[in-house]
Every structure is written in C-alpha cells, then in structure tokens.
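Dear colleague,

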Amino acid sequence: MNDTIIISIIMTVIGASTPILLAALGELIVEKSGVLNLGIEGMMLIGAVVGFAVTLTTGFHLLGIVVAMLASTLSAMLFAYLTLTLTANQVATGLALTIFGIGISSLMGEPYVGKTIEIFSSWFPASLAEHPQLRVIFGYSPLVYLSLILTISVSYFLKKTRAGLILRAVGESDLSAHSIGYSVIGVRYAAVAFGGAMAGLAGCYFSLVLTPLWSEELTAGRGWIALALVVFAAWKPSRLLFGAYLFGAIMTLELHAKAAGFSFIAPELLAAMPYLATIVVLALISLRKSSGLAAPACLAKPFKPST
Amino acid sequence: MLIELEKRKEPSQTMLYLTPVIAVLATMIVGGILFTLIGHNGFAAVKEIFITPIIDTHKWQDLGIKAAPLILIAVGLSIGFRANVWNIGAEGQYIVGGLAGTGIALLTWELEGWWILPLMCIAGAIGGALYASIPAFLKTKLNVNEILSSLMLTYASIQLLYYLMRGPWKDPEGFNFPQTRLFNDSQILPEIIPGTIVHLGVPLAFIIAIIAWFVMSKSIFGFQIRVVGSAPAAARYGGFSAKRTIWMAMLIGGGFAGLAGIFEAAGPFQQMVPQFPTGYGFTAIIVAFLGRLHPIGIILGGLVLAVSYVGGEIAQTSLGLPNAAAGIFQAMMLFFLLATDILVKYRLKLNIANQAGDAS
Amino acid sequence: MTEKTDYRIELSAITKSFPGVLANDNVSFAIKPGEIHALLGENGAGKSTLVKMIYGIMQPDEGEIRWEGEAIKVANPKAARKLGVGMVFQHFSLFEAMTVLENIALGMDAKISQNLLEEKIREVMDVYGLKLDPHRIVSTLSVGERQRIEIVRALLLNPRLLIMDEPTSVLTPQEVAQLFETLRKLSATGCSILYISHKLHEIKELCDQATILRGGKVVGECDPKQETSKSMAEMMIGGDLKQIEKDVKTEFGDPRFVVDNLSQVGEGDFGVALSNISFSVRAGEIFGIAGVAGNGQNELLMALSGEVPTSNADTIKLDGKSVADQNILQRRKHGLCAVPEERNGHAAVVDFSLSDNAILTARERMNLASGGLIKHSEARSYTDNVISTFGVKTTGSASPAGSLSGGNLQKFVVGREIMQNPDVLLISQPTWGVDAGAAAAIHQAIVDLAENGSAIIVISQDLDELLAICDEMAVINEGKLSKTLKVGEASVDEIGLLMGGIHGDPNANQDSVENAHAH
C-alpha cells in the first residue's frame, strides 16, 4: 500500500525531528537572551538517563520527564553560574558541560544498560492511535504534540509578550537593558534554565519514546544538530519548526532509501547535510545583512556592567 | 553568600598561575565525592585516574603519546584564542589533516623512501589549514561566526572520514572492514625510544610548543595576535590588519591540528580507521585554557589531561568505570578553572567571619 | 533641614566611593518643583555617579535622599520611575535593532497595549513639539532623533523630576534651542529638571539654580543668571583659568599636509560618508576641525591617519608625497602620527603595559623592534622617557594602561606620539575627559610642537578649545567640511550655524534645521 509507506515515512520524520525541535526551542530562547550554550548535548544526555532511570524505577513516564527536566536544568544552572555570575567564557564552559554530560550520563546509566521500559506512547485511544490512516494524526507520543504547542508558545512569547520583548532587548543590548533597570543576569538565568529544561525534555524523547532504552551517548550528536538548527532558522521559531522537519527528513532519508531498495546518494553526505546547510544559511544571512535576521547582538559576549 | 568580590587594581600574576593548580586539586576532591555519591569508590577512582599513571613508570610512554596531540592542537588553538578567534573545530581539522596525510600514504603505498613521511606531514598540516580556511574565509568575507561554522565543519568531516573508509579508501585486502590498508615502514613515525611506543611526533610536539612560546613572547607577530585579540580598534591603529590576523590564527590552528592528525595516523594508528576521532580537538580546548593560553602552561596542561586519559583507561580495567568517566574529571577541571578565574581580577573579601568555602 | 515640603528632592551628605576614588564626598543640595537645576562640573567631578544614585543604578555609601520630604531608598531604576524620576542618558540606552515603539515600551513599567502606547506617544509629541516615527528601526535614526526617543520615553511616565545627563553634547546649537523650549514647557507644568552639563552658556540660558561639583564635592551654589561664565568656570575648575602661551602667528611655512577632494563611502550601518573634503595645513600651523559628534570626525581621522586608506593616492599629500593609498604604518614612517579620540581600546590597549602600548605605535619610528622581534629594553626606556617628559603619574612602564586615570593615560598617549617628533600630527579630542591641569599641559605640548615646524590638525567638539589653540579652522557636518575660517575672524554664531549644516544663511529658521537632519 502506497499510503502506508507515506504515513510511516511521515511518522519517522516527525519522530526524528521532535527531539531536535525541543532542544532547539530551548537554545533559541537562550541565544535570544544573548547567551550561547554549547552544552545542549550534555544536558540532553543527563535528561535522557535521568528520565529513563526514574521511569524504570517508578513506572511513571511523567515523573521521569519532570525529574529529568529538573536534572538538566540543574546542569544548566551550573553553566549559568559560571558564565553569568562568574563571567566565564561561554564557549569553553558549554563544551565542558557537554563533556561532563557525556561522562556523568555514562556513569549514572551503567546499571540501566540493556533494560527496557514501556514506550511513552500516544494518549489517544487505540482506535485512533493505531488506525492505519488516522495514526498519522493521533499516533504520536504526547511529547510530539507538546513540541508543537511549545513552538507556538515560544513564537507568541517572543513576538507578543512583554517578557519576550525584554528577553530580546537583553540579547540585543545588555548595557541598555541594564541602564533602564532590567536585570540582565536574571533574564539570562531564566533563559538558560528554560534551555536546560527543554534539552532534558529532548533527552527524554530519546530514552522514553524513540528507543526506549538507555545506552552510552544515546543522543548521538543530535545536540549539535539542534544548535545548527537554531542558526539555520535564523533565530525564528516558525522557521525552527520547518527546519526541524527538514533536518528530520534528511536524517531519515537514508533509511527510507534503503527500504525502497535504492541508494542514489552517499548516506554520509546526507548525514553531513544539516551541518553543511547550516553553514550555507549562516553565509546567506550575513550576505543579506537585514537586521531582522541577524544573530542577537550580544551573543556569547559576557555581560560586565561598568560598575 | 557573605563573600564579596573586590576588583583588584591589577590582575594578580600569582593567581593566574595558581588557579590551574587549585582547579586540578579541587577536581580530585570534588570528583572523588561525586563518584562516591553515584555509588563508586570515589577515592579509588581518583587515585587510579590521577596518581597511578604518574607513579607507574610503564605508563609514562602512554602519557607522552596522549599529551603530544593535545599539546600540539592546544598551542595552535591558543594562538587563535588570544587573537579572539574562536576556532573550536580543531577536531575536524585534526581529522582532515589525518586524512590528507593518509591520502599521500595511500598514493605511495608501493613506494619507499625517506621523503614520504615528511610529505605526509606537510600534507597533514596543509589539509588541516585548508579545512580551517573555510571558517576563516566565511569570517573575514562575510562576518560569519567562526564558533558555529568551525563546529559544523567538524561534524561534516566525520562524515567525510566515514565515507572514505566505507568507500574509496577501503583496504581491498581488508575483508571488507571499513579501514585503510596499513601504512608501510616509510610511512610510519619512527620510535625514538627503542622498545617503547614513543614516536617522533612526541618530541616534535614539545619542540613546536617551545618555539611557539618564543614567537608569542618575543616577536611582533605574537604582539599582533595579542593586540588584535584585546583591542581590535587599537590593532588597526597600530597598523595590524585584523583580517590577516584572523587568517593566520585560523591557518596556524588548523595546521597544527592537521599535523597532530597525521602524527596520530602515522604514529599509534599506522592506518586510518573510523575510530580515528577521539575528541582530542575538543579536549585540547580544555588544555589551552588550563595552560592559560601560554605554550609552556599548555605543555603542563597537556600532561595533566594525558594523565586523566591514561588513568581513565586504567580505571576502566581495574575498577570497571565506563570510558567516559575520565571526561567527568576533564570537564570538572575546566569548570573549576573557569570558576576560580575570577580570582585573577578580583580578590575575595570576607564580610563577616563565615565559613563558606564551597567552591561552586 | 527644616523645610520639608518645599522641595521635590533633597540630597543630604551623599557619599560614594569606588576602590581608590571618592566619587562623591558629602554632597548636599535640593531642587524645588518646577525648578531647572544645573549640576555643573568638569568630567570626572562626580556628576554621573550622583545622578546614577538618584536614579537607583547605584546606592550611596552614606547620606540620605528625601523625596517630597520623605526619606527614601531608591533600590533600582524601576523604583525611581515609580517615584516619578525620569532620566535621559548621555549614552543612550537604546536597542538598535528594534523599533522606536518597542524601545519606548521597554522603558514603561506598566503593561500597556501597543495601540494605546502609540496614541500616548503621539499625544506627548504633540504637546512638546517632538517629531518621531514610532515604527522606524532605531539604527536608521539620527542622533538627535535617538535622543528624542529617550525624552519621549521619560515624558510618558509623567515625571516630576527629569534628569538630563549632558543632553546637548550631540546636538547642534539649533537642536539645543529646540530642546530648551521643550524643557521650559515641561518645567512650566511643575516638573523639576536636573540638568547636567559643563557648558556654561547653556546653564546661564536655561537654569534657575546651579550646584557646582569639583572632585566629588559641592564647591558652590549659585543663580547662574547672576553669575558670569568666568566666575562659574573658576568655581568649576578651582582657581584661575590657565592661559596657554601662544603667539598670534601670521607667518607659516610651506604646506605640509594637503587634502584635496577626499571622499569615502561610510562603513557599515552607522558610518558617515566623507565627501569632497579639502584643506591644507602649513608648517607651524594648528588647524582645527569643529563639529557635532557623529558627523564624520572618526571617519575623517581614520582616513587621514591611514587606518582606512583610499584608492586615489593624490587626495592626501604629505610634504608633497601622495599618501592616500598608503596604510597607517607607511604614513607613520613618512612622518604622520595620529591620536584617535577614544583612549580605551583605540589609542591604547587597556590590559597592556605602557611599554607594550609604546610598541603599538612607536616601534618603527623609535626603533623598538627589528627583524620581526621586539626590543623590550628599548621599549621600556622610550616609555620611561615619555612618562618623565609628560609627567605621567604611574608606577612605571610595566603598569597596565588601564590602571592610569583618564588624564594621565591621555598625557601618555599624546606624549607617545609627540615624542616621535612627527612632521604632521593628527589629534582628535585631545582633552576629552581630562582634568584642567592635564588639558593645559596637552595644549601646551601641541602648541610647542607647532612652534618646531610641525603641521597639526586638531579635531574637537569643544569649540573653546579650538578657538584657544588653532590658527585656522573648519567645521565638519554630515561628512562635509566647510570652508576654512581664520580663528579670530569667525564668530561663534557663524560656526554654530555651520555645525548645524546651514551654510551662509544666518537667519535660517528651525524648519530648515529639521530638514537638514531628516534623512
């Protein structure tokens, strides 16, 4: 059946896209506030292992997710304390966070290797969720629907709310925001915390939905794709959604090509595609020079008020 | 907290050199506690990771060959960091350098001669430099953030490696394993201490670091790098071109990483395999910071990180710790260094007598 | 301290110190409702620190602030705004990539819908005669327009005390007149205004009362309309104004620096294009370039110094040699030295030692490097020489430039260039933010260098400075240079009009100023 293939393609693409969308939504907010956190991969792994461990011990997916988000937020706060309070270099701290996350998740996850849990699957009744056609709408994990709601919320937050305006202002000119009386550090702490929570959520998607099991470096570099995605989307949530599905499609193309029995392009080239596309987008953004697409002006610069 | 920070009039030189030591010690203590909390024997882990490699003389050769690539890459990166050029794609440049040298090796696999190895090394350095020239070009022509572009290129280079291993460069006699044929005797770095695995690349890395120290501290070039990094407007006023400096910093960083790549391929590996990227390019960033972006400091920093690598392997067999455990210590060293960095420019002032010595 | 309700705000015995500096020492004064009160003082006298405490950006170490009779603690700017304190910053606190409307919304503490806000903005603009398009992106606006955003932002909160920090330093005399009109209307509604400036004629024209600060202390209170500019200046500076020893010269040597039709496109979004700039400076002559900030002074300095070379070599001639296509190193070798306006990060690297800062520009002319290697001991001895000759107060050639006070660093920077004995010296804002003593020393050094036959170009926003030391001058406006005027023959009014971009018609009215500034 032709449409079952199409439906299964759509579903795998959405499955592959959702974690990078979740993590990228968090990083988008972080970067909009003027902070570059390269620790996404590490935070995702911490979320993935904690989510898995808690779900396995308690049997409650939701509890696993909440605790995972708390754990990854905690690790993000370590990053925030170093970079915001102690004004440490953001690039170095972020990389250290990733290395740390890989290490600590392997260590904590050791007892859980090889164990499985029930997939965190659709909440819709089986008649819809497993319906041959309707599953394309109802057959996803609740996290997929959540990712869509969050995309809309983040977009609304940035465009329409006063808090979003303040967040953008802090990322645009921290000194101006400071002199008007906004707490630059406070806003950035909040943004980094959100980024951490979202990375944890993305990590849970791997260990509770996609696999669902724990193994070392389960996220396999998807944190870097999420980082690329934010840039690829030129810091706009609507493009983030589009970009996530595009990247997801590229990442799963290899599978589908194999399934369809032909290979027209080197799979390695496909795997490199998101990164190469991001570089092209970076170049295009700077060519166009329109300020609406540019990176937040304070990105990765430490905030040091004059007094 | 009742500790207050008070800005020093001048940065403290003592603290500048003392804080890396504090960071390493704090890592050993806090790391031990952390491992214990997770349910391992924390202090045994610390001993295996930090002490055993130093007291076990058999491990010194391992320290040398692990430290060499870290030092070489970190020295190159530190020049860029001083110029405010954030090339964090050294891992990619290391891979491409290794591949470029391997390319020469595969072309000359039936030949012999003293010239082959130098040619491979030159190809490696050029390969790394060329790969770094992509972010350099994007930065100088289009003002594209080099952090993002160099990082993205790293992941692209891993795919290039996989492609070559599975396809065109696969050993025709290798039972379909995705790896190249073994290098011949003219293509591998000679052992310099007979009976050990210490190859020529090890002393070369140390020599290059010392040359870099001389150049950075005594030459106009080193001065230029520092001015461009500290105050771009002043650099232009002083007659230094920021774009040329970015180019040079990137090419040196990429070249050194590429050289480290081919040293690694022609040294310990003696062929090219998909497992070639081991994260040296990222760990070297920690080394550069731990060494205070100073070539001599980087030699020490490289040795410390090498200890943690070798110790991590020891702990893996003796304590059954996962391989990534060493990464926890490596990351913590950087965390503590960055956290204590503030002591260079600020002094702690205890407001009211209060024991709040918690470092994080 | 007996009256309570008579004053809008009273400061008593405010003290604030930073490591090594006592910024405010026991400062007291009070402002009545509707009063325009001047806070007068030199750069570094402690004015900015004081107003930052009123606006809640900093907290006083000691002393008390009373608002309408009640002792208060202003925790942060938000609290200040809640009281009714508005502030217009000297360095605007604007967000370049955002619209005027968003910028204003960010300055409001209450939540308010976009439409309502826009309506209110239009209302305020009508009342005070301010013009602004709420939907423009800030980065496309002129400096005067940007200031208007700040003013509208402050006015929307119906302030009862408005603080203006050096508001006119970026405005033309005509824009200043317009601003004063707005301020007078505001004071008529009962709003008090604290007006910070070091420009005496403005204060005489606008203010009802003045408090004079020097070295962090109040050194006088007066009614500026009753005082002469000279008497206030003496209070501000402390002691008599020093006269520069300079003979009125009529004889000059051959032209040493000739600029002929120099044009250049502006760099980036904020760069000003230079168009058809021509002037010439003779041996022994000091040539001044006046103008309001942001009219191309930085671009001109960089084009003249060689930081930004041009392709047409003939547009700049140094002792007859065409040098416009040469870079700054080559020009320096040919005898052209330059001091840019910004000390921190442009003329000097703050984290570098003074000796390294000497290497920055003097390595070629003073032979501080050869064969690509630095001669550190030569660099130290040259640095020591500059330090002793120019009386720079520092612990030595190894101390970082950032550890010096503004005036001392400026003396070092100027000394570093002058002691290279340049044939032509370009110097921008030679005494910006420098105390009176250092300023006099710098002026004297410039005059002495000219005496020895060098040609000197001084770019400054301080008209008094130019009138004091220059032989001839011209005015830069929007990247164009006016005709050359002889100092002593040109009137301040004429120069003022040139600064506003009005060429020739002294009766130009407000509208044409508006037009000249609307892009």
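What follows is an account of the domains, sheets, core, interfaces and a few single residues.

Please keep in mind that this is a predicted model, in which local features need pLDDT of at least 70 and side-chain atom pairs count only at pLDDT 80 or more, whereas totals for chains, interfaces and linings use all residues. Residues are numbered from 1 along each chain as its sequence is written, and chains are lettered from A and ligands numbered from 1 in the order in which they are written.

I begin with chain C. Its domain assignment gives domain 1 (9-237) and domain 2 (255-348 + 423-517), the bounds being taken from an automatic or database domain assignment. The centres of domain 1 and domain 2 of chain C, taken over C-alpha atoms, are separated by 31 Å.

In chain C, an open sheet of 6 strands has the order S6-S7-S8-S3-S9-S10, with mixed pairing. Strand S6 (85-88) and strand S10 (217-222) of chain C each have a single partner strand and stand at the edges, so one side of each is left without a neighbour in the sheet. On average, and with direction ignored, neighbouring strands of this sheet are turned by 20 degrees against each other; the axes behind such angles are lines fitted to C-alpha atoms, for helices over the stretch in contact, and the angles run from 0 to 180 degrees between N-to-C directions. Within the sheet, strand S7 (residues 161-165) and strand S8 (residues 192-197) of chain C pair in the parallel sense over 5 bridges, and Leu161(C) stands opposite Ser192(C) in S8(C).

Two helices lie across this sheet. Helix H1 (residues 47-54) of chain C lies across strand S3 (36-40), S6, S7, S8 and strand S9 (209-214) of chain C, at about 150 degrees to S7(C), while helix H5 (residues 143-155) of chain C lies across S6 and S7 of chain C and runs at about 180 degrees to S6(C). Contact here means that the C-beta atoms of two residues, placed from the backbone, lie within 7 Å.

Strand S1 (residues 9-18) pairs with strand S2 (residues 21-31) of chain C in the antiparallel sense over 7 bridges, with Lys16(C) opposite Asn24(C). S1(C) also pairs with strand S4 (residues 62-67) of chain C, again in the antiparallel sense, over 5 bridges, and there Trp67(C) is the bridge partner of Ile9(C).

Arg153(C) is found in helix H5 of chain C. Arg153(C) counts as buried because 24 other C-beta atoms lie within 10 Å; the cut-offs are 20 or more such atoms within 10 Å for buried, 12 or fewer for exposed, and anything in between for partly exposed, with C-beta atoms placed from the backbone. Leaving aside residues up to four places away in sequence, Arg153(C) touches Ile104(C) and Gly107(C).

The largest nonpolar core has 377 residues, of which Ala24(A), Leu229(A), Ile71(B), Ile73(B), Ile163(C) and Ile456(C) touch the most other members. Helix H10 (residues 184-210) of chain A gives the most to this core, with 16 residues. A nonpolar core is a set of buried Ala, Val, Leu, Ile, Met, Phe, Trp, Tyr and Cys residues joined through C-beta atoms within 7 Å.

As for the interfaces, 37 residues of chain A are in contact with 36 residues of chain B, and H4(A) gives the most to the side of chain A that touches chain B, with 13 residues. The contact between chain C and chain A takes 19 residues from chain C and 13 residues from chain A, and H3(C) provides the largest share of the side of chain C, 3 residues.

Lastly, two residues of chain B deserve a look. Asn143(B), in the loop between helix H5 (116-142) and helix H6 (146-166) of chain B, has a positive phi of about 60 degrees although it is not a glycine. Leu293(B), in the loop between helix H11 (280-290) and helix H12 (295-318) of chain B, has a phi near 55 degrees, likewise positive.

With best wishes

How values were computed. Pairing = 2+ DSSP bridges. Helix = DSSP H or I, 4+ residues; strand = E, 2+ residues; numbered from the N terminus.
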